[in-house]
Amino acid sequence: MAIRRSNKQSQAAILKQILKRCSSLIKKNSYKDEDHLPLDVPKGHFAVYVGENRTRYIVPISFLTHPEFQCLLRQAEEEFGFHHDMGITIPCEEFIFQSLTSMLMR
């Protein structure tokens, strides 16, 4: 049982790091002054870029708890890393991402 707990703790730590990286990747001039959040991303959401055209999607933070979305984030880290100026880029086709996110919204 301790293994599961530490695994969940490490997953939570990784998700927190991802969120920090997400918020730090958007250019400074697109932030609200008072809380350092992007102007076009509502509270409780974050932006990702999907597909060859890097289409931007705003997704709820609650997606981070879904194993399917976590799998996409792991693939994104492996393929692109999180240390670049573009934001989190999801390595899949848009229609697949749209299908997954519509399923997660239910």
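Which residues does leucine 104 touch, not counting residues up to four places away in sequence? Select leucine 104 and look around: it touches Phe63, His66, Glu68 and Phe69, where a contact means heavy atoms within 4.5 Å.

Before moving on, a word about what you are viewing. This is a predicted model, in which local features need pLDDT of at least 70 and side-chain atom pairs count only at pLDDT 80 or more, while totals for chains, interfaces and linings use all residues. Residues are numbered from 1 along each chain as its sequence is written, and side-chain values use heavy atoms, with hydrogens and water left out.

**Stop 1: the whole chain**

Show the protein chain as a cartoon. Helices (H or I, at least four residues) and strands (E, at least two) are DSSP runs, numbered from the N terminus.

Of the 106 residues, 31% count as buried. Here buried means under 20% relative accessible area, exposed means over 50%, and partly exposed is in between (1.4 Å probe, protein chains only).

**Stop 2: helix α3**

Go back to leucine 104, which lies in helix α3. Leucine 104 is buried, with a relative accessible area of 10%.

Which residues of α3 are buried? Select Phe97, Leu100, Thr101 and Leu104. They cover an arc of only 95° around the axis, which puts them on the same side of α3; the arc is that of the directions from the helix axis to the C-beta atoms. An α-helix has 3.6 residues a turn, so residues three or four places apart point the same way. To see what covers these buried residues, colour β1 (45-50), β2 (55-60), α2 and β3 (88-90), which are included in the cover.

**Stop 3: where two helices meet**

Select residues 67-79 for helix α2 and residues 94-104 for helix α3. The two pack at an angle of about 145°, with their axes 10 Å apart. Axes are lines fitted to C-alpha atoms, for helices over the stretch in contact, and angles run from 0 to 180 degrees between N-to-C directions. On the α2 side the contact is made by Glu68, Phe69 and Leu72, and on the α3 side by Phe97, Leu100 and Leu104.

**Stop 4: the aromatic rings**

Show the side chains of Phe46, Tyr57, Phe63, Phe69 and Phe97, which form one aromatic cluster. Rings of Phe, Tyr and Trp (its six-membered ring) pair if their centres lie within 6.5 Å; planes under 30 degrees apart count as stacked, over 60 as edge-to-face and the rest as tilted. This rule gives a count of 4 aromatic pairs.

Zoom in on phenylalanine 46 and phenylalanine 69. Their ring centres are 6.2 Å apart and their planes are at 75°, so the pair is edge-to-face. Phenylalanine 46 lies in strand β1 and phenylalanine 69 in helix α2, so the pair ties together parts that are 23 residues apart in sequence. Both are buried.

With phenylalanine 69 it forms a tilted pair, 6.4 Å centre to centre and 55° between the planes. This pair links helix α2 with helix α3, 28 residues apart.

**Stop 5**

Select alanine 47 in strand β1. Alanine 47 is buried, at 10% relative accessible area. Leaving aside neighbours within four places in sequence, alanine 47 is in contact with Val41, Arg56, Tyr57 and Ile58.

Finally, visit the loop between β1 and β2. Is glutamate 52 buried or exposed? Glutamate 52, which has its place in this loop, is exposed, with a relative accessible area of 80%. Arginine 54 is in the loop between β1 and β2 too, and counts as partly exposed at 32% relative accessibility. Check the backbone of arginine 54: its phi is near 55°, a positive value in a residue other than glycine.
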